[in-house]
Structures are given as C-alpha cells and as structure tokens.
Amino acid sequence: MRLGDYDERDGKRVWLNQTEQNDEVGALINEAKSPEQEIAFRLGAQAGLRREEIASVTPNDFSHAPDGFLRVWNDYAKRGKYRETPIPEELASSVRTLAYERDPDDAIVSVEPNSIYRWVKRAAQSRYAATGDEGWTHLDVHDLRRTWGGHLLWDCGVLPAVVMSWGGWEDWETFRNHYLGEMSPAAAEREREKISFVSGSAEAGNDSSPVFQPQAQSPSPY
C-alpha cells in the first residue's frame with residue numbers, strides 16, 4: 001500500500017495494492033463477516049461509491065442499469081440525476097444472491113453509513129493484526145474509493161474524464177490534485193522497476209559511468 005499525508009488534518013490517506021502478487025483489496029474483502037459487508041467493501045473498492053451511496057443502492061439500481069454497470073443516484077430521495085459506473089461480475093453475482101428475496105427498492109446494504117465506516121475500520125484492524133503493517137490502521141471507507149480511482153487511472157489507463165464521470169467528480173482541480181497527482185501502488189512499483197540499480201536490468205558491458213563526471217580544474221591564470 002501507499003500512504004500520504006492529509007493537507008489539513010492528522011492521519012494518512014491510503015491506496016491499497018491490488019496486484020496478483022499483493023492483493024490487499026481482496027484481503028480486505030475476505031475479512032467481511034457477512035454478505036452485506038462483502039458487498040459494502042466491494043462497492044467502495046470496486047465501484048468507487050461513497051459510504052452514503054453504499055448504504056442506498058438497491059437491486060433496481062443494478063437491474064435497470066446497462067449490463068456490467070451500476071446506477072448511482074445523486075439524491076436517492078429525489079432520484080433525479082444519476083451516473084453509471086462499471087462493476088465486476090463478482091459484485092453483481094453477490095448482489096443477485098443477496099437480493100433474491102428482497103424488495104427491489106430496498107437498500108442492499110441496510111445499515112447507516114457510519115456502520116459501514118466501522119465495518120471497514122474493524123476489517124482493517126484485522127489486517128493489521130495479521131500483517132503488522134501499520135498502514136492498515138489508517139484505512140477508512142473513503143480510501144476504498146481513493147484506491148478505485150487511482151487503479152482506473154494509473155493501472156487501467158482509463159481517461160480522466162471518464163473516471164470523473166464514473167465516480168461523480170465535478171471539480172477538475174480537486175480531481176487533478178488528489179487523483180491524477182497521486183499514483184497507485186502498482187504504478188509506483190512499475191516506475192521503480194525502471195531504475196537500473198533496483199531492477200538489475202542493466203546489461204553487462206553497458207556504460208555504467210555516472211551521467212555527470214566532474215573534471216579536474218586547472219589553476220586559474222588570473
């Protein structure tokens with residue numbers, strides 16, 4: 001994972017890794033204690049929903065959206081404007097299973113937003129106990145959305161304008177500073193591998209002299 005300081009408060013921002021070698025998102029999802037918790041974690045980390053949105057989406061928001069997408073309303077009471085964001089099949093399958101005997105207009109994750117925050121904090125504490133990585137103690141539900149946005153931009157190459165649309169961001173400056181300006185853990189590792197002294201990829205026989213070579217200076221005649 002990557003950590004970053006907040007500008008105006010204590011604590012750390014967190015970006016979770018989600019590579020085959022180190023799938024921290026998957027590890028967090030595996031800490032879920034119920035189907036509702038699993039869906040809540042997936043909605044944050046795999047669909048970029050805010051906690052208020054996680055606590056509001058209904059089965060109809062899945063079934064009425066195009067295949068492979070979820071409909072997310074700006075205001076779930078008025079149901080005026082909405083956006084559509086892509087979702088993985090694992091999430092859609094979990095929702096279909098949980099929603100089988102529910103009213104299609106009832107919330108899938110039927111708890112208050114603060115409960116979702118506590119779920120994530122408890123799961124993160126379990127990961128800290130298992131790994132000893134103190135970064136887990138800083139994780140909260142918004143970091144799942146942060147991880148999702150960074151993954152789309154830096155690992156998947158999705159256009160910034162598309163990510164903004166999927167995530168419901170409207171302020172370009174905020175998006176640029178907090179998402180375009182902060183690479184994902186996988187992107188940081190890819191860039192790290194470009195450094196020859198880290199990757200060891202420099203071929204034998206290549207000129208390994210430093211870029212800058214100081215020259216001996218002759219005494220000034222003046």
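Rings of Phe, Tyr and Trp (its six-membered ring) are taken to pair if their centres lie within 6.5 Å; planes under 30 degrees apart are called stacked, those over 60 edge-to-face, and the rest tilted. The structure, a predicted model, holds seven aromatic pairs. Local features need pLDDT of at least 70 and side-chain atom pairs count only at pLDDT 80 or more, while totals for chains, interfaces and linings use all residues of this predicted model. Residues are numbered from 1 along each chain as its sequence is written, and side-chain values use heavy atoms, with hydrogens and water left out.

Trp169 and Tyr179 form a tilted pair, at 4.6 Å centre to centre and 55° between the planes. Trp169 lies in the loop between helix H8 (160-167) and helix H9 (172-180), and Tyr179 lies in helix H9, so the pair ties together parts that are 10 residues apart in sequence. Helices here are DSSP runs of H or I with at least four residues, numbered from the N terminus. Both Trp169 and Tyr179 are buried (under 20% relative accessible area; exposed is over 50% and partly exposed in between, with a 1.4 Å probe and protein chains only).

The ring centres of Trp172 and Phe175 are 6.1 Å apart and the planes stand at 35°, so this pair is tilted. Trp172 and Phe175 both lie in helix H9, three residues apart, about one turn of the helix. Trp172 is partly exposed, at 41% relative accessibility. Phe175 is buried, at 0%. Trp148, Trp169, Trp172, Phe175 and Tyr179 form one aromatic cluster.

Charges also sit over rings (NZ of Lys or CZ of Arg within 6 Å of the ring centre and within 35 degrees of the ring normal). Arg2 lies over the face of Trp15, at 4.9 Å from the ring centre. Arg71 lies over the face of Tyr82, at 4.5 Å from the ring centre.

Turning to pockets, the largest is lined by 15 residues. Gln18, Val25, Ala45, Gln46 and Pro88 lie nearest its centre. Helix H1 (24-29), helix H2 (35-45) and helix H7 (141-155) each give two or more residues to this lining. A pocket is an open set of points on a 1 Å grid over the protein atoms alone, where a 1.4 Å probe fits, with protein on both sides within 12 Å along at least five of seven lines; lining residues have an atom within 4 Å of a point.
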